[in-house]
Amino acid sequence: MSLYGTASGGRASNYEYVIARVRSRRASLFDDDDYRKLVRMGTSEIARFMEETEYETEMNALGARYSGSDLVEYALNRNLAKHFDDLLEWSEGALYNYIARYLRKFDAWNVKTVIRGLYAGADLSAIEDDFIRAGEFSEQRVDALRNAGSIEEVVESLDDTIFGASLAEAYEVYEEQQVLVPLENAVDRAFYETLLDGLPSNPERDSATGLYVQFLRAEVDFRNLRNALRLARSGAETDPAEYYIDGGKLFDQQSLTQLTANMDNLVATVRDSTYGDDLDSALSALEDAGSLVEFERALDAALLEYADKLSTRYPLSVCPVLSYILAKEREVDNIRAIARGREAGLSPDEIEQELVIL
Amino acid sequence: MIETIAPVVNAVLQEGTAAAPAIPPSAAAALAVGLAALGSGYAERGIGAAAVGAVAEDDSMFGRGLILTVLPETLVILALVVVFVV
């Protein structure tokens with residue numbers, strides 16, 4: 001079954017090895033002090049700072065072609081891809097399966113990048129630089145994607161992947177309407193649907209697998225919540241059910257549609273749910289100031305904290321890997337926010353508010 | 001089935017009165033050492049994998065990794081005492 005890759009062919013998982021390496025890498029991520037320093041630097045200083053850290057190889061490789069915050073961003077992406085590819089390379093058996101499941105979101109990212117690039121008529125190298133080669137797709141497949149001449153070719157080349165069926169369907173809609181939304185939705189939907197597919201639907205609550213499933217559900221819930229909040233805030237005349245992702249436990253399709261109509265009800269529902277405690281302060285902020293950005297950052301922080309908690313509770317499971325993946329993603333987001341913020345001339349305080357730091 | 005075996009076993013056991021036990025002491029001691037070695041081998045498998053992972057990330061972990069990897073070896077050493085006791 002090509003869906004889960006061949007590397008998992010019935011072998012036992014090697015948790016010990018992967019987790020020792022992952023923990024070491026988790027420890028060497030940037031900490032508060034580094035961020036505090038970075039926030040006060042200019043873009044070129046940030047680039048120089050990064051040359052002396054973990055990101056040295058990528059900065060040197062890309063330094064000739066880019067400068068400023070573009071350089072920082074592409075170096076970050078490449079580094080992220082390198083680390084996450086390592087994870088897939090090390091892990092075996094069920095562990096591989098668990099990790100690949102989550103990392104497929106970068107496959108989704110790449111597919112969307114290509115589709116957008118083709119739609120906007122961007123040139124090949126621009127598309128290639130935006131790739132994050134961290135997902136399960138092989139090098140050849142990503143190269144084939146890049147070389148595709150039209151969106152139709154992209155859809156065809158993804159025929160045998162998880163995105164195949166839904167993309168083919170969406171392509172017909174795209175041909176009629178000539179807008180990208182159905183294609184992008186199809187990609188996201190395919191990713192989130194396979195996220196929970198094939199995992200035990202009712203695992204023991206207190207086992208590592210159970211918590212992993214719980215975590216993925218939380219991810220789906222938060223995604224739904226974000227979509228609902230955005231729709232509720234923007235007041236757009238879109239049917240929320242169209243963006244609903246199955247598998248979470250917070251909403252079902254109908255309740256989501258009803259709640260989106262009324263912001264206060266939505267917040268109240270979340271407060272009464274299992275996530276209420278973690279999101280309490282964020283929800284208050286949302287009610288008072290109505291700041292969606294702040295709330296979304298609180299969601300990220302809550303997810304990160306939850307993953308950290310899991311990783312200490314179940315040291316020999318997929319949880320530490322998950323916590324590393326999230327932490328690394330946040331680091332990349334943070335540094336990008338700093339670089340872009342400095343470029344745009346934001347003050348250190350303003351930028352610090354944009355960061356997700358535990 | 002078990003009921004039928006019991007008298008047979010009894011008969012066999014009663015037959016040799018000066019009987020040597022099925023496993024003589026030295027063989028039992030050897031077994032004890034062997035089983036202990038198996039156990040520590042299994043323990044070292046996980047620790048070794050983790051240690052190699054740690055060393056791959058950070059060379060200075062080599063000494064500590066080595067010590068932690070051979071710690072379960074004490075099981076075998078303790079089991080070796082049995083050989084001298086018997």
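From the N terminus on, the elements of chain B run α-α-α-α. The model is a predicted one. In total, chain B holds 4 helices and 0 strands. Of its 86 residues, 9% count as buried. When contacts in chain B between residues at least 6 apart in sequence are considered, 69% of them join residues at least 24 apart.

Between the chains, 9 residues of chain B are in contact with 8 residues of chain A. The chain B side of this contact comprises 5 nonpolar, 2 polar and 2 charged residues.

Confidence was examined for chain A. The mean pLDDT of chain A is 80, with 92% of its residues at 70 or more. Among the elements of chain A, the highest mean pLDDT, 91, belongs to helix H1 (residues 15-27), and the lowest, 72, to helix H15 (residues 276-289). Over residues 1-8 of chain A, pLDDT stays under 50. For this segment the model has 12 contacts beyond four places in sequence. Where pLDDT is low, the predicted coordinates should not be read in detail.

The largest nonpolar core contains 104 residues. The members that touch the most other members are A:Val72, A:Ile99, A:Val187, A:Phe215, A:Val321 and A:Leu322. Helix H12 (residues 208-234) of chain A supplies the largest share of this core, 12 residues. Leaving aside residues up to four places away in sequence, A:Val187 touches A:Ala108, A:Val111, A:Lys112, A:Phe163 and A:Leu167. In soluble globular proteins, nonpolar side chains tend to be buried together.

Helix H12(A) also packs against helix H13 (residues 253-260) of chain A, at an angle of about 30 degrees and with the axes 9 Å apart. The crossing of H12(A) and H13(A) is right-handed. On the H12(A) side, the contact is made by A:Asn224, A:Ala228, A:Leu231 and A:Ala232, and on the H13(A) side by A:Leu256, A:Leu259 and A:Thr260. By class, the residues of this contact are 5 nonpolar and 2 polar, with no charged residue.

A:Trp109 is located in helix H6 (residues 93-120) of chain A. A:Trp109 counts as partly exposed because it has 19 C-beta neighbours inside 10 Å, whereas a buried residue requires 20 or more. The C-alpha atoms of A:Trp109 and A:Thr269 are 31 Å apart in space, and the two residues are 160 residues apart in sequence.

Note on methods: Residues are numbered from 1 along each chain as its sequence is written. Chains are lettered from A and ligands numbered from 1 in the order in which they are written. A nonpolar core is a set of buried Ala, Val, Leu, Ile, Met, Phe, Trp, Tyr and Cys residues joined through C-beta atoms within 7 Å. A residue is buried if 20 or more other C-beta atoms lie within 10 Å of its own, exposed if 12 or fewer, and partly exposed in between; C-beta atoms are placed from the backbone. Helices (H or I, at least four residues) and strands (E, at least two) are DSSP runs, numbered from the N terminus. Two residues are in contact if their C-beta atoms, placed from the backbone, lie within 7 Å. Ala, Val, Leu, Ile, Met, Phe, Trp, Tyr, Cys and Pro count as nonpolar, Asp, Glu, Lys and Arg as charged, and the others, Gly among them, as polar. pLDDT is the predictor's confidence in each residue, from 0 to 100. Axes are lines fitted to C-alpha atoms, for helices over the stretch in contact, and angles run from 0 to 180 degrees between N-to-C directions. A crossing is left-handed if the near helix is turned anticlockwise from the far one by less than a right angle, and right-handed if clockwise.
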